[in-house]
Amino acid sequence: MTSLLEGAKQLVTRGTDIGARIDGLDTAARAARGRLDDSLVDEAQDLVDRAAGRLRLSASHTVVAIAGATGSGKSSTFNALTGLELSAVGVRRPTTSWASACVWGRDGADELLEWLGIPPRHQTTRDSMLDTGRRESASELDGVVLLDLPDHDSTEVSHHLEVDRLVALADLLVWVLDPQKYADAAIHDRYLAPSAEHQDVMLVVLNQIDTVPEERRQSMLDDIRRLLDADGLDRVPVLAVSAREGTGIAELKSEIARRAADKLATSARVDADVKAVAGRISAASGSAPTRALSAERVRALDDAFAEAAGVPTVVEAVERSTRMSVGRATGWPVASVVSGVKPDPVKRLQLDLGADGRELSGRARTALPEATQVQRARVDAEVRALADDVSNGLTQPWVSAVRRASTSRLDELGDRLDAALAATHLGGSRLPVWAGAVRVLQWLLVVATVAGLGWTGVLAGSGKLQDGDTVRVGGVALGLILLVGGLVLGIAIDLVCRVVAGGTARRRATDADDRLRASVSGVSQELVVAPVETELTAYTTVRSGVDRALS
Ligand SMILES: Nc1nc2c(ncn2[C@@H]2O[C@H](COP(=O)(O)OP(=O)(O)OP(=O)(O)O)[C@@H](O)[C@H]2O)c(=O)[nH]1
Ligand SMILES: [Mg+2]
């Protein structure tokens with residue numbers, strides 16, 4: 001790109017910003033790769049290379065190519081302009097098989113001729129052949145590299161290829177028409193009409209005007225004008241010449257000289273190329289403004305992912321487990337013993353109960369239910385909705401690119417969700433301090449109840465329960481108070497603590513839910529959101545590149 005910018009600098013000094021435009025097209029083409037039509041992207045990248053190549057080369061030369069149908073008189077016109085019989089003019093068609101060049105002012109043209117692919121044997125340097133009588137007219141074309149091209153319409157395939165190659169490289173194009181074939185679709189459809197962007201670097205010549213009766217010349221020129229207008233080439237001048245008799249050659253030479261002298265043809269040509277391709281990329285890309293992914297869409301996607309990952313199952317297990325462990329610690333111990341030990345729901349999911357918390361072990365997912373078809377369908381629907389939402393208003397290639405990106409990594413979903421859940425710390429699992437204290441209290445109450453029961457039993461057995469001897473509080477035997485008080489208090493604490501344990505369980509469940517959803521959100525971010533955002537960034541890059549290329 002440095003060479004491109006160096007080449008462009010020379011043009012920047014002349015008030016154009018062609019380097020920035022090529023750079024814009026380059027940026028757009030790179031970002032469009034794999035998203036817009038390959039052939040269009042290839043064309044843009046070829047053009048960037050070609051334009052950079054041309055701008056790196058001589059800015060003081062203007063490459064003028066003479067193109068047209070076989071027998072129209074290209075070589076004759078070439079010879080008339082050079083004043084020499086350089087190109088063979090023949091009756092056999094086609095005559096010219098290889099492009100030849102005539103250079104006025106050789107300095108710095110070598111690399112340019114090499115880039116054009118004109119071998120030295122087909123090159124002539126005009127000023128080296130000057131005779132004094134012709135010096136004046138020759139110097140008028142100083143800086144011109146005139147090319148005589150083969151025909152574009154014979155059966156020789158190599159001729160078409162050579163013409164297409166050089167038509168793409170020339171700075172200025174002179175299309176030679178003749179009175180017989182000037183309306184041929186071959187030239188209008190294939191070359192002229194598609195060059196509307198290039199009309200400022202084109203001339204049209206009607207040759208062999210000597211063969212047209214004088215009274216018919218104007219109507220023929222009018223006819224050509226009409227055809228060119230229909231091709232979208234309303235600014236292209238038409239010159240009537242006779243290469244054989246020299247009519248109009250001086251005017252043609254002046255027109256070429258005028259365009260070569262201001263040295264703008266090179267940048268104008270590249271500009272036209274860049275605008276044409278950038279215009280097509282722009283049309284394919286559309287100009288809808290980009291929209292950001294909406295937070296609601298992402299949240300809905302996260303929800304679907306969380307459900308498919310089994311987050312609600314784990315969260316519910318955490319809640320039940322907390323309720324159970326706190327309940328068991330704070331509950332009336334006798335009831336727990338009688339009801340037996342139920343398995344911990346979290347352990348059933350093979351959650352690892354560490355000292356400072358718990359994590360889903362690597363084996364956890366085997367215990368978690370697989371995502372059901374309904375859950376999986378919801379994931380797919382949410383991904384689709386997100387892609388459709390964000391690509392709404394974009395052209396089809398971009399809609400497809402966004403959709404493709406949104407699903408490109410979904411086959412990793414199951415594994416990635418498992419891994420994310422396995423690595424998620426579910427929050428504290430320790431018994432709350434208050435519950436530990438209540439446990440001690442409950443056992444003290446059990447001891448009091450048992451002691452009260454024993455004491456009361458002994459008193460009742462010996463018939464001393466009503467006896468005034470035994471310790472009494474408020475007239476009731478202490479043993480009985482211990483027995484009933486311990487029982488009532490134990491059960492009352494159990495009931496109150498159930499309510500408190502429910503709160504703790506819900507808090508821990510919410511905490512676990514937050515942590516799990518954060519992990520799941522990381523997965524949706526990586527597998528769906530980031531790929532979609534990459535496409536949106538590419539779209540923005542293409543748009544801004546194209547805008548720069550067209551500016
Ligand atoms: N009457 C007349 N004949 C011309 C004129 N220009 C060219 N010719 C003749 O037209 C024929 C073709 O001329 P060329 O210059 O070889 O044509 P070309 O376009 O180079 O043809 P290819 O190399 O085959 O593509 C030759 O016989 C020329 O003498 C002209 O202005 N008037
Ligand atoms: Mg020829």
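Ligand 1 is surrounded by 24 residues, the closest being Gly-73, Ser-75, Ser-76, Thr-96 and Asp-151; a residue belongs to this shell if its C-beta atom, placed from the backbone, lies within 6 Å of the molecule. Helix H4 (residues 74-82) supplies three residues, the largest share of the shell. The shell residues divide into five nonpolar, 14 polar and five charged. Asp, Glu, Lys and Arg count as charged, Ala, Val, Leu, Ile, Met, Phe, Trp, Tyr, Cys and Pro as nonpolar, and the others, Gly among them, as polar.

This is a predicted model, in which local features need pLDDT of at least 70, side-chain atom pairs count only at pLDDT 80 or more, and totals for chains, interfaces and linings use all residues. Residues are numbered from 1 along each chain as its sequence is written, and chains are lettered from A and ligands numbered from 1 in the order in which they are written.

Helices are DSSP runs (H or I, at least four residues), numbered from the N terminus. Among the buried residues of H12 (20 or more other C-beta atoms within 10 Å of their own) are Leu-301, Asp-302 and Phe-305. The buried residues of H12 pack against helices H13, H17, H19 and H21. Gly-310, with a positive phi near 85 degrees, follows H12.

The mean pLDDT (the predictor's confidence in each residue, from 0 to 100) is 88. Contacts in the table join C-beta atoms within 7 Å.

| Residues | pLDDT | Contacts beyond four places in sequence |
|---|---|---|
| residues 11-15 | under 50 | eight contacts |
| residues 352-366 | under 50 | 36 contacts |

Methods: Helices (H or I, at least four residues) and strands (E, at least two) are DSSP runs, numbered from the N terminus. A residue is buried if 20 or more other C-beta atoms lie within 10 Å of its own, exposed if 12 or fewer, and partly exposed in between; C-beta atoms are placed from the backbone. Two residues are in contact if their C-beta atoms, placed from the backbone, lie within 7 Å.
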